Amino acid sequence: MTEYPTSQEGSQPVDGASGGRSEEPGHGMAPVPAAEAVRTHAQVPGPEESAAGLPRPRASASASGPGAAGESAAARTREADAARAAAAAARQDVGSAGSASGPGAGPGIGVNTASGTGSASVTGPETIARREGDRLRFVGAATRRIARGIDLDEIVLGLCRATVPTFSDAILVYLRDPLPVGDERPVGPVVLRLRRTDRLRPIDEFTGGAASGSGTGGATTSDGELDFSQLALVGPQGDLPAAELCEIRPGGALAEVLRGVRPVFGSSAAARAALPELLGADHPVPRGQRAILAPLRGRRRVIGAAVFLRTPERPAFETNDLLVAAQLATHTALGIDKAVLYGREAYIADELQRTMLPDSLPQPTGVRLASRYLPAAETARVGGDWYDAIPLPGSRVALVVGDVMGHSMTSAAIMGQLRTTAQTLAQLDLPPAEVLHHLDEQAQRLGSDRMATCLYAVYDPVSHRITIANAGHPPPVLLHLGGRAEVLRVPPGAPIGVGGVDFEAVELDAPAGATLVLYTDGLVESRLRDVWTGIEQLRERLATTAQLTGLDHPPPLEALCDDILDMLGPGDRDDDIALLAARFDGIAPSDVAYWFLDPEETAPGRARRFARRALTRWGLEELEDSLELLVSEVVTNAVRYAERPVTLRLLKTDVLRCEVGDDSPQLPRQRRARDTDEGGRGLFLVNRMARRWGATRLSSGKVVWFELALPGSPEPR
C-alpha cells in the first residue's frame with residue numbers, strides 16, 4: 001500500500017489502516033464516483049485538477065455562498081442525468097459481476113466507465129497504483145488549499161471546498177466555542193458549535209424540482225438506505241439539518257472518539273454512538289462506511305471535529321480514506337491553531353496601538369483639531385507613529401507628532417513611553433526646545449538604538465503666535481485663509497536619541513482661520529517618491545482643496561484630513577501615517593483682560609474691582625457676585641505664598657475663565673476644614689461654585705484657574 005505523507009506533527013496512526021479494500025462488498029474502488037468519470041470524458045479538467053489527476057468536481061452549495069456559479073441550468077441538468085445513469089450502470093455491473101464470479105469477487109471488481117462502455121473489468125495492480133497516486137495528489141492539492149487560508153473562516157472554507165465533492169458529498173465542521181488560545185485551559189463544559197456545512201445540491205434542484213419539507217420522506221433509495229442529498233434545505237442558509245451546539249459529556253461516546261484522535265468510520269461501534277450525540281438524533285447518518293468522524297486536534301488539544309459523508313449512489317469510503325481524512329483533519333486543526341494565535345496577536349497589537357493614541361482630542365479654546373492614523377498594512381497594525389494635543393495653562397495647547405523607528409511591539413512600547421514623557425513635560429510648561437531635550441535624554445535611557453523624530457509646537461490663541469521645535473521631523477505645512485499653502489521654515493534638528501545636540505525653536509505668526517498640518521513621513525515618503533517631492537505634493541493638495549471650498553472660508557477639518565489621505569496612491573503605504581490638523585480661531589484681544597498685582601494685603605480688593613470692570617465691559621453683570629467671591633479667595637491664597645507680583649487674567653470665550661498665577665510651586669489642595677478652623681474653605685467654595693477648576697505647576701511657579709458658565713449657556717453634562 002502506498003503510504004501518505006504526513007504534516008510536520010503528523011496524525012496519529014489509524015488502527016486497521018493497513019488494508020486497501022473495504023469490508024463492504026462491491027466498493028473496493030478509488031474514492032471517485034462513476035458519475036465523475038463520465039464527466040471527465042466530456043469536459044476539460046482545470047489546471048489544479050489536471051495536475052492532480054482528479055476529475056472536475058460537481059456543483060456544490062455551501063452555507064455561505066453558491067457552489068456552482070457560472071454554470072447554466074441546462075448543463076447542470078445534463079450532468080445530473082449522466083451521473084445518475086452512470087451510477088445505476090455501475091451498481092448493475094458490479095452486482096452482475098459479483099453473482100457471476102461468486103461472493104468473493106465483489107471487492108475486486110471495478111467499473112470502467114471512463115470509456116463510456118459501462119463494462120466491468122478486473123482491478124489489477126496498475127489500477128491500485130493509479131488509485132493510490134490519485135489519493136496522494138488529492139491530499140497534496142487539498143492541503144495546499146487549506147494552507148492558503150489566514151483566518152479561521154478561510155481555513156474552514158478551504159477544507160469544505162477541497163473535499164466536496166471530490167472526497168465526500170457533504171461535510172460538517174464543528175469547532176469548540178470558544179476556541180482556546182495557546183496554553184489556555186477551558187473553564188466549564190466543552191461545547192462544539194457547527195461552524196460550517198457544505199454538500200452537493202439536491203438533484204431535484206438540477207432537474208428543476210424544489211425540495212421541501214424538513215422530514216426524511218422521499219430521501220431514501222430503492223434498497224431503503226437514507227440519501228441525505230435529497231433532504232430539504234434547512235435554515236436560512238441551506239444548512240444540513242444538524243445540531244448547531246453540542247455539549248461533550250465527560251466519559252460519553254463522543255468524548256472517547258475525540259480523545260482517540262484517529263478518524264473512525266460511521267459504521268464502527270464508537271461512531272454509531274458518537275454521531276447522534278454530535279449531529280443530533282434527527283440528523284440522517286448513512287449506513288456502512290459512508291461516514292467518517294475525524295477529530296480536529298491542534299498542538300495541545302482537540303479543538304473540534306469534521307464529519308465526511310457520502311451518498312448511496314457513490315462508492316463507500318475505503319480503509320485508506322481514513323488516512324486521507326486524518327491528513328485533512330491534521331492540516332486543518334494546525335491551521336486553525338495558527339489562525340487563532342494570529343488573531344490574538346493582531347488583537348493585542350490593535351489594542352496596544354489604540355491605547356497608545358488618544359481616544360479623543362481635547363477641545364481647547366481658540367483652536368479646532370482633527371486627526372487620522374493609518375498603519376502601514378492591515379497585517380502590521382502596530383507601529384511607532386503618534387500624535388497628541390495637550391491643553392496648557394493660559395488657554396494654550398501643545399501639538400505633538402512623532403515617529404519611532406520600526407514597526408513592531410518594541411516600537412509601540414517606546415512610542416508609549418515617549419508620549420507619556422512628552423505629556424509630563426508639557427504639564428510643566430517647559431519651552432518646546434527644552435521638551436525635546438528631555439525627550440532626547442529619555443530615549444537614551446531607554447537604549448542606545450532608540451531613535452525617533454518629533455515635532456513639538458505650542459499655540460497661544462491670545463497672542464496668535466505659535467512656537468515650534470523640531471527633532472528630525474518633516475516640516476509642517478500652514479494653509480492660510482486665502483488658499484495659500486506654505487511649508488514652514490523650521491530648523492530640522494537631530495532625531496531624538498542621538499544625544500549631545502541642541503534643539504532650536506522658532507516663533508511664527510498663526511493668523512486666525514489658518515490651518516496647521518502636522519504629519520509623519522509615511523504620508524510624504526515611499527518607494528516611489530522622495531520626502532521633498534511628497535511634501536510639495538501635500539502643499540499643492542492643500543492649496544487645491546482650499547480653492548475648491550472658496551477663498552473666504554477654510555475647508556472643514558474632517559473633510560480636509562480625508563482629502564489629504566486621498567493623495568496616497570498604490571504603493572504609497574510603506575510606513576505608518578499619523579496626521580494632526582489644527583484650525584486656529586484665536587481669541588480676540590477685546591475678550592482678554594490682564595493685570596499684575598503686588599503680593600500685599602490690598603491685592604484681593606483690587607482684583608475684585610478689576611474683575612467687576614471687565615464684566616461690565618462684556619455685559620456679564622450677572623456673574624459679578626460669583627466672580628468676585630472666587631477671585632478674592634484664589635488671589636488671597638496666592639498672595640499668602642508669593643514673593644513676586646501675582647498675575648490675574650480673565651478670558652471670555654464660550655465660558656468665563658479666570659487664571660491666577662504666582663511664583664510658588666506648591667499646588668493648593670482641597671481639604672475639609674474643621675468647625676474651629678478660621679481658614680481652609682476657599683477651595684471648597686471654588687469647587688462648589690465653579691464649572692471647572694484646576695491647578696498646574698509651571699517652571700516658574702503655578703497657575704490656579706476656574707471657569708464659570710456664561711448666562712444662558714447650557715449646563716455641562
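Buried means under 20% relative accessible area, exposed over 50%, and partly exposed in between, with a 1.4 Å probe and protein chains only. By that scale, Ile 348 is partly exposed at 43%.

Some ground rules. This is a predicted model: local features need pLDDT of at least 70, side-chain atom pairs count only at pLDDT 80 or more, and totals for chains, interfaces and linings use all residues. Numbering runs from 1 along each chain as its sequence is written, and side-chain values use heavy atoms, with hydrogens and water left out.

Back to Ile 348. This residue sits in helix α9, residues 320–356. Helices (H or I, at least four residues) and strands (E, at least two) are DSSP runs, numbered from the N terminus. Together with Tyr 347 and Met 409, Ile 348 makes a nonpolar surface patch of about 300 Å². Patch members have over 30% relative accessible area and no salt bridge; nonpolar side chains (Val, Leu, Ile, Met, Phe, Trp, Tyr) are joined within 5 Å, like charges within 9 Å.

Next, helix α8, residues 269–279. Buried here are Ala 271, Ala 274, Leu 275, Glu 277, Leu 278 and Leu 279. Ala 269 and Arg 272 are exposed, on the face turned away from the buried side. Just after α8, Gly 280 takes a positive phi of about 105°.

Now charges. The structure holds 30 salt bridges, each a side-chain nitrogen of Lys or Arg within 4 Å of a carboxyl oxygen of Asp or Glu.

Take Asp 585 and Arg 368. Their closest N and O atoms are 2.9 Å apart. Asp 585 lies in the loop between β19 (577–584) and β20 (592–597), Arg 368 in strand β10 (residues 367–374), so the pair ties together parts 217 residues apart in sequence. Asp 585 is partly exposed at 32%. Arg 368 is partly exposed too, at 44%.

What about a buried pair? Arg 649 and Glu 659 form a salt bridge, with closest N and O atoms 3.1 Å apart. Arg 649 is buried at 12%, and Glu 659 is buried at 7%. Both belong to a salt-bridge network that also links Arg 657, Arg 692 and Glu 707.

Terms used. Areas by Shrake-Rupley, 256 points an atom, 1.4 Å probe, with all protein chains shown as cover.
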